[in-house]
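Work through the exercises below with the model open. Try each task before reading its solution.

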Amino acid sequence: MSQKQVLLNAFNMNCVGHIHHGMWTHPQDHSTEFNTLRYWTDLARLLEKGLFDGLFIADIQGVYDVYQQGIALTARESIQLPVNDPLMLVSAMAGVTEHLGFAVTANLSYEAPYPFARRLSTLDHLTQGRIGWNIVTGYLDSAARAMGNKQLLAHDQRYAQADEFLDVSYQLWEGSWQDDALVVDRQRRLYADASKIHPVRHQGAFYQVQGYHLSSPSPQRTPLLFQAGTSARGIRFAARHAECTFVNAATPAAMRQQTQRLRQAATEAGRRADDIRIFMGVGVIVAPTEREAQEKHQSYLAYASPEAGIAHFSSSIGLDLAAFDLDEPIVNGETRAIESVSQAYSGWTRRRLLEQHAMGSRYPLIIGNPSQVADALLHWMDEGDIDGFNLTRILNPQSYRDFIELVVPELQQRGRYKTAYQPGSLRNKIFRQDRLPDRHPAARWRHATGHR
């Protein structure tokens, strides 16, 4: 049985209601303070104290307006609305930490590769190599309309655009500047050697780019690449590009099937099975005793909003669940939303979904004392063949504090969680190297003198 150590990200969002909807009403929850810098810098310090590998910051473009065909419930329960830019948080949090990584979500459908590549290079410089990018293509028609389009591009076409966006970005990050282009010689008045700075010339179906990358090579060059798609097309994309993937499943056996598909696809793409680290989203309610944990869970149920949870879910599958009777089977047609989720829940009823979303979320929930929580996490990890977890907040920051104080020592005692950080970049902490390996498709753009 695997004895690999648990990788751990805090899963959060620059908003009030993220995953466990309704919990903002709990008197111990501080998520309504998300507009303040101290909220984020205090969280970053706490996570670094708990030796978290990273803070994974979700994001959306658009609003959840499918349920009841409007935003009434979305606004009332703050279902990821209002939501602020995740990239703007990183510099402040990096300034009060030394090791914590930051994986920021950015929707490439509404970005241009040239300025976006500079923004992430800037953050990689300022964090000394602690930035990651969660690559998403979007699933909300409301975002497409806000950007002047009638609707989203078709599912597979969004991935075709994403492939090209990544190809352009790799040219900028990996190929424009050679490693030795930056000289910084005051005596010779030579800051950079122009002969070692190369223009990108790309003419494609979605992008036409001709220009030099504006940033010099950052510690990682390409940020650590996250992705969260498990449709057939999403798996092909992950197999080519992703270093870390974010997946969910109902059981460890079902999880293992997903992870095996991902790892096999990576090898078919010319990479190694262990070139991908797989994270599972999970919520944890822990207390010193099992009874206290169960009592805590029961008390939380009074604040959670199952209806807000399925309103969020309605937009995930592109279907107004309010239009179905409680016990009417839900039949999904063709969707441009999250294809894999839509297929997985076809035939469910709204009543069953409300029961599943009792804590305002469909995420797996682990409840117990520290030993029970550790047992459950390690069972998922070993039987599901995953590498770690994206830990959701139920109460912020209390959920993270409870985990750090109670579960981290238990995992450390079992030898399954680090007792100190590895030095270096975020990629080095996860993969023991600062730059993408030569077998990754980004490497083809490197120049011989800057090759690694």
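Predicted model: local features only at pLDDT ≥ 70, side-chain atom pairs only at ≥ 80, totals over all residues.

Residues are numbered from 1 along each chain as its sequence is written, and side-chain values use heavy atoms, without hydrogens and water.

**Exercise 1.** Judge the overall dimensions of the chain.

Start with the box: the C-alpha atoms fill roughly 70 × 55 × 45 Å along the principal axes. Next, take the radius of gyration over C-alpha atoms. The chain has 22 Å; this agrees with a compact globule, because 452 residues would give a value near 22 Å. The globule rule is 2.2 Å times the number of residues to the power 0.38.

**Exercise 2.** State what share of the residues is buried, and how contacts span the sequence.

Buried means under 20% relative accessible area with a 1.4 Å probe, protein chains only. Buried residues make up 57% of the 452. Now count contacts (heavy atoms within 4.5 Å). Of those between residues at least 6 apart in sequence, 76% join residues at least 24 apart.

**Exercise 3.** Find the residues that touch the most other members of the largest nonpolar core.

A nonpolar core is a set of buried Ala, Val, Leu, Ile, Met, Phe, Trp, Tyr and Cys residues joined through side-chain atoms within 4.5 Å. The largest has 81 residues; Phe52, Leu55, Trp133, Phe389 and Phe403 touch the most other members. Helix H6 (residues 155–175) gives the largest share, eight residues. Apart from this core lies another of 39 residues, including Ile60 and Phe226.

Technical notes. Buried < 20%, exposed > 50% of the residue type's maximum accessible area, 1.4 Å probe, protein only. Helix = DSSP H or I, 4+ residues; strand = E, 2+ residues; numbered from the N terminus.
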